[in-house]
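Welcome! Please have a look at the model first, and then we will walk through it topic by topic.

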Amino acid sequence: MRMKHWAAALLSTLILSSCAVGRLPDTTETQTSTAESTSATTTPPPATTTTTSTSATTTASTEGNLRQIPLETPVFSEPNYDGFSTGIVGEDGVYTITETAVDDEGNLWGWLKSGIGWVDLTALDAQAAADIPVAVFYAEDALWSRAQHVYQGEPSEYAVRIMFRAREDLSGVVFSLLEQTEAGYATGQILYTAEKIAEGEFLAAEIVFFGDMTAYGFSLADKEGRERTFAVTVSGRNGMLLLSEY
């Protein structure tokens with residue numbers, strides 16, 4: 001009889017232990033942005049304090065700091081530009097910043113509550129104040145399929161996919177190779193043209209950067225009718241795409 005009582009008690013203990021192990025805390029955050037709400041919340045990596053130019057010098061907890069962030073914003077593994085990029089935010093939305101860090105170059109970085117990485121808040125503020133009618137970024141598969149305009153060059157194992165996003169209505173768009181001259185950039189081979197690209201639309205391009213000196217051009221007329229030209233190059237520091245007006 002005692003054996004039966006002992007076995008029943010043991011079975012009851014095992015069942016209770018199994019239930020306790022199976023209960024995990026709910027880490028899914030409620031967020032305006034779909035991209036952030038579907039990611040698991042993780043703790044940001046500590047920002048180191050050293051004398052090198054790549055370190056974060058100060059950190060602060062900022063739970064509840066909400067920021068409007070566009071989908072093309074790059075995300076980094078470290079709060080500085082010498083860390084590697086983990087991709088882009090991926091969706092427009094309001095994101096929660098839970099921690100900030102200032103690097104030795106004076107840039108303020110924010111850790112996203114979703115756990116996908118750090119974003120440069122200083123660059124976001126500058127972007128909002130700047131008069132730049134187009135953004136450029138490396139294309140992810142989910143976004144490539146959303147492009148209204150597509151250019152695909154000759155197949156190559158070295159090809160990369162990039163995307164342009166119109167921040168306002170654009171007209172007379174020309175995507176081209178650029179040539180280096182003594183006077184600066186000059187338009188070379190024209191690759192793609194579009195009479196209009198509406199605000200929010202994408203131009204996707206599969207291209208090859210033939211070394212650090214390769215540059216592509218993106219010319220347009222902005223909503224004010226001004227003719228503007230931009231060069232797209234690759235950063236020798238971290239491989240990120242750079243957009244500069246010339």
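A residue is called buried when its relative accessible area is under 20%, exposed when over 50%, and partly exposed in between, using a 1.4 Å probe and protein chains only. With that in hand, F175 and Y216 are both buried.

This is a predicted model, in which local features need pLDDT of at least 70 and side-chain atom pairs count only at pLDDT 80 or more, while totals for chains, interfaces and linings use all residues. Residues are numbered from 1 along each chain as its sequence is written, and side-chain values use heavy atoms, with hydrogens and water left out.

**The chain as a whole**

- The protein chain contains 15 strands and 4 helices; these are DSSP runs numbered from the N terminus, with helices being H or I of at least four residues and strands E of at least two.
- The chain has 246 residues, and 40% of them count as buried.
- Among contacts with a separation of 6 or more, 64% join residues 24 or more positions apart, where contact means heavy atoms within 4.5 Å.

- Strands β13 and β14 run antiparallel and are joined by 6 bridges, with Y216 opposite V232 in β14.
- V232 also has a bridge partner in β15, namely L243.
- Antiparallel β14 (residues 227-234) and β15 share 5 bridges, and A231 stands opposite S244 in β15.
- The hairpin of β13 and β14 has 5 residues between the strands, and G225 in the turn has a positive phi of about 85°.
- In the hairpin of β14 and β15, 6 residues lie between the strands and G239 takes a positive phi near 80°.

**The sheet of 4 strands**

- A second open sheet has the order β7-β9-β12-β8, with mixed pairing.
- Its edge strands, β7 (134-138) and β8 (149-152), each pair on one side only.
- Twist from one strand to the next averages 15°.
- Antiparallel β7 and β9 are joined by 5 bridges, and F137 stands opposite M163 in β9.

**Rings and a charge**

- There are 11 aromatic pairs, counted when ring centres of Phe, Tyr and Trp (its six-membered ring) lie within 6.5 Å; planes under 30 degrees apart are stacked, over 60 edge-to-face and the rest tilted.
- F164 and F218 are stacked because their ring centres are 4.3 Å apart and their planes are at 20°.
- This pair links distant parts of the chain, with F164 in β9 (residues 160-166) and F218 in β13 (residues 216-221), 54 residues apart.
- Both F164 and F218 are buried.
- F175 and Y216 are also stacked, at 5.6 Å centre to centre and 15° between the planes.
- F175 lies in β10 (residues 170-181) and Y216 in β13, so their pair ties together parts 41 residues apart in sequence.
- Ring pairs link Y151, F164, F175, F209, Y216 and F218 into a cluster.
- The charged end of R161 sits over the ring of W144, 4.1 Å from its centre; this requires NZ of Lys or CZ of Arg within 6 Å of the ring centre and within 35 degrees of the ring normal.

Key: Pairing = 2+ DSSP bridges. Axes fitted to C-alpha atoms, helices over the stretch in contact; angles between N-to-C directions.
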